[in-house]
Amino acid sequence: MTDTAPALDRLRAGAPPRNHDARTIAALTANPGCARRGLLDAAGVDKDAVARHLGFGTPFGQSQFAITRGNAFEAQVKADGCAELLALLRDRLGLDVGEVGYDDLDDEGGREFRHARTRKLLARALDDAQGTLFDHPLLRLDIGGTPAYLEPDVIAFQLAGRFHVVEIKSFAVVDGQAEPEQVAAAARQAAVYVLALRELVADLGHDPQRVSHEVFLVCPENFSNRPSATPLDVRPQLAVLRRQLDRLTRVDAILNGLPPDLSFALDDGLGAAVRTVEARYAPDCAAGCELAYFCRDEARACGATGALGRGVRDDLGGVDTVEAALDLARGAADPPAELAETAALLRTAARLRAEALGGAA
Amino acid sequence: MSALAALARLEAVDARRAVPIATVRHCHLADAPLVLIPLRLAGEAAAPLAVMLGTDRADPTLLAVPQPRNRDLRFAFAAELAKVVLEHVEASRGAAEELPPAKDGTERVRYTEAPQVIVPNTGGVAFLRLLGRSTRFRSTEGPHAVEPSVPALGRWATWFAERHDRPGSSLLLAATEALRLHWATGQSALEDGNLAALLGWIDPPDGLDGPAAAARAEDPVRCPPAGPATDPTFDNEVLAPAVAAYDATDGDPRAEERVRAALAGQLTPTWDLVWHAMDLLRALPEGASVPRRWERDRDAFTLFHQTFAEGVPQARRDTAVAAARRLHALERAQDAYDAQRAFDDPLVMAEHRLNGQAFGGVVTEADPTRLDESGKRPKLRPRVRVATEDPVRLDAGTAVCSAERPALKGRIVEYGTGGVLVELTGGLGRKLVPEPGTVPAPGDRVCFTSLTDASFGPARFPEREDTPWTHGGPPAEYVPSDADAAEEWS
Ligand code: SF4
């Protein structure tokens, strides 16, 4: 535990902490500059409850049809000690996977205990280089100075002395192609597991490279329930992840600038408390952060150009607010020297728009 | 995006309402398009739940699968859908007009009309693509036989989706894309993907402004999603119990009616929105080159329709040569489409003026009868000077043409403080004096651009059997197999 722990506990105002998972870490890296998210996640604040309390709940629910399908597929792949998965790796990919042990680490008591057991089993497998499958291991990753526990429903197996992460997803791969966003999301999550596993391996005194950057994505094939396995090189995602985690504003630094009695208790002061911590809203927040509607409202209220999309802000030469940009376009404000070029561009754009629209009227 | 498009978004924020980014309509709208709104079962790639479709706004047809996991019901649904879609195809082709024979003497015809399909959003296009993929290989014989219309539907759905990839094609339109081509809102592109929110900005209901209408549209209870994904709360609270009741009663008609009513309730608001979108688009005057692009669409339709009987389902994946050819064709179509829109629409041309590839202004001097006598024979080479405030980025010697009348061609002589001096080289008639009205006179507003709307000859790609070994050599002819027919659809 780090010395920020008591402060972070206080932020939660007595509520139990929420666990990070690979999805939230992957999402975290999507917006590494956001102190608000960084802090709330580090403290394990239930962002969904916060958003709801503030009247900005996001429809993040999942259809039971999708859940049922996902669970059924995962259960099918893992049934009988992952028989189907092994057959897939051996027969379809022609991998020389030998006899393997299978360890299910689920339901083994508390987090610390499960993590310790994951450690022990992994250490043994590293030493005797045995083919081993772990189900429901508990990994740990340092996020902004605070440890986060990961509960992957993935399995690592050893092939020629290297561990591979297997990620089971229920979206279909049709003729070798799946929806790019879904594949990208799966790759980002798998990269989180690879990183966490590598840290553990290094911690055990082994070469972290014994965890391969090649993961296996197991998905239903075409329109059937039959699983297919696709090797996926997550090196690019790993590089991004490492860079983003390094850049993540350290939680203690954020805490330093905040009032010492700040808390995110679900009471009347919640809105003000959340606003105290700086955010960096962009439309793609909607894909991964429960506070998206709240932050969007805030960004729109202060006329942030970023609320229109990252690209829009760039096209406006980095001008932050709608009002400032419109003033430049209308020639209402004398631009500072560094914005002279942008101002000229916007004024020309405004003139051309007016001309074209006037001509049409 | 560009500064011009970004500025339009700012204006929309400021006006609390969408602003136009086009002055004419850049897509074709058929008299009776088939509006088609698909819903898919959550968690599945292409398991259809329901489709609301039809060519008559007052009379939509609802097709639904009361138990979406049941394979037989699914194929029965596909057969029903096939019937409507194939009827639409046959009803929308008009007459076959004879064209002058091709160079090699083969006869050519073109249907005077073509079927148009409108879906609410790009998700609808993706759904049709997957529906096509999951039905076109089905066999009409043997142990897994389906109705003959099912694989035919698959081939048509695939064809429509492929045409959608082609810039400027109007055979399959997504309402959100068509609207976004003509209006900019004060929200992000992501949010524009929600048809109800997009329309809220463009044409808010009485008493609401754009942001308020868009906010209302984000409430899935008031505005169910436009598909193909359903609202998870609807799934859990309405659909799942209704499907369970259908199962429990062994397919009782009343239970089936309950599922259908629930799905109709989700689809009807979107049905109205799509027609509303078309009203807005129809109100815009059609761009000058739209009929020409629709003619290409009619050509493609004629070819596909006339060879349908002897054709086989489209391959799962393109061969190397086909992929290269397709890519090349798409790039060319994109260039031509961009240029055509700019010539049709001063607001689109404004983009090119902003980036310096076009300039507009007032003619200050004109020498309409200037002759170039440096060669053996004198040539008519009038010159005009155009005063412009535009940031021109065209070098001396660059060929340009008039945006209003592309036949009027010229080249840049010089660009300085007095404006741009253009020497005219074409579009003046055949004599040594220009035809009246061809040379702009002082005081005229003109716009010249380096864009061209020229179409180059077809690219040369090797024939199928000459595919280089670097690209896998000649591909095997695609033959549908039993395995295709038996492929699970669960
Ligand atoms: S929604 Fe708000 S808190 Fe979440 S990442 Fe975006 S800006 Fe940060």
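Q: What do the buried residues of helix α3(B) pack against?
A: Their partners in chain B are β2 (34-40), β3 (48-54), α2 (71-91), β7 (117-119), α4 (149-164) and β8 (172-174). The model is predicted.

Q: Which residues of α3(B) are called buried, and what makes them so?
A: B:G124, B:V125, B:F127, B:L128, B:L131, B:G132, B:R133, B:S134 and B:T135 are buried. The label applies under 20% relative accessible area, so each of these residues falls below that limit.

Q: How do you know what span to expect for α3(B)?
A: Helix α3 covers residues 122-135 of chain B and has 14 residues. The expected span is 1.5 Å times one less than the number of residues.

Q: Why is A:K47 called buried?
A: A:K47 has 5% relative accessibility. The limit for buried is under 20%, so A:K47 counts as buried. This lysine is in helix α4 (residues 47-53) of chain A.

Q: What is A:K47 in contact with, leaving aside neighbours within four places in sequence?
A: The contacts are A:R37, A:L40, A:D41, A:C289, A:E290 and A:L291. A contact requires heavy atoms within 4.5 Å, so each of these residues meets that limit with A:K47.

Q: Why is A:D103 called buried?
A: The relative accessibility of A:D103 is 19%. Buried means under 20%, so A:D103 is given that label. A:D103 belongs to strand β1 (residues 100-104) of chain A. Not counting residues up to four places away, A:D103 touches A:L121, A:T132, A:L133, A:F134 and A:D135.

Q: What makes A:R140 partly exposed?
A: A:R140 has a relative accessible area of 36%. Buried is under 20% and exposed is over 50%, so a value in between is partly exposed. A:R140 is in strand β3 (residues 139-143) of chain A.

Q: Which residues does A:R140 contact, leaving aside neighbours within four places in sequence?
A: They are A:E112, A:H115, A:P147, A:A148, A:Y149, A:A196 and A:E199. A:L150, ten residues from A:R140 along the chain, has its C-alpha 5.9 Å from that of A:R140.

Q: Which residues are around the ligand, and what makes them count?
A: The residues are A:N31, A:C34, A:R36, A:R37, A:A279, A:R280, A:Y281, A:C285, A:C289, A:L291, A:A292 and A:C295. A residue counts if one of its heavy atoms lies within 4 Å, so each of these has such an atom. α3 (35-42) and α11 (292-301) of chain A each supply at least two of the shell residues.

Q: How many residues of each class does the shell have, and what makes a residue nonpolar?
A: The shell has eight nonpolar, one polar and three charged residues. Cys and Tyr are among the types counted as nonpolar, and Arg counts as charged.

Q: How much of each chain is buried?
A: In chain A, 49% of the 361 residues are buried. In chain B, 49% of the 490 residues are buried.

Q: What confidence does the predictor give, and why should one stretch of chain B not be read in detail?
A: The complex has an ipTM of 0.87 and a pTM of 0.89. Chain B averages a pLDDT of 90, and 92% of the residues score at least 70. Over residues 455-459 of chain B, however, the pLDDT is below 50, and the stretch has six contacts beyond near neighbours in sequence. Where pLDDT is low, the predicted coordinates should not be read in detail.

Note on methods. Residues numbered from 1 in each chain as written. Chains lettered and ligands numbered in written order. Predicted model: local features only at pLDDT ≥ 70, side-chain atom pairs only at ≥ 80, totals over all residues. Heavy atoms only, no water. Helix = DSSP H or I, 4+ residues; strand = E, 2+ residues; numbered from the N terminus. Buried < 20%, exposed > 50% of the residue type's maximum accessible area, 1.4 Å probe, protein only. pLDDT = per-residue confidence, 0-100.
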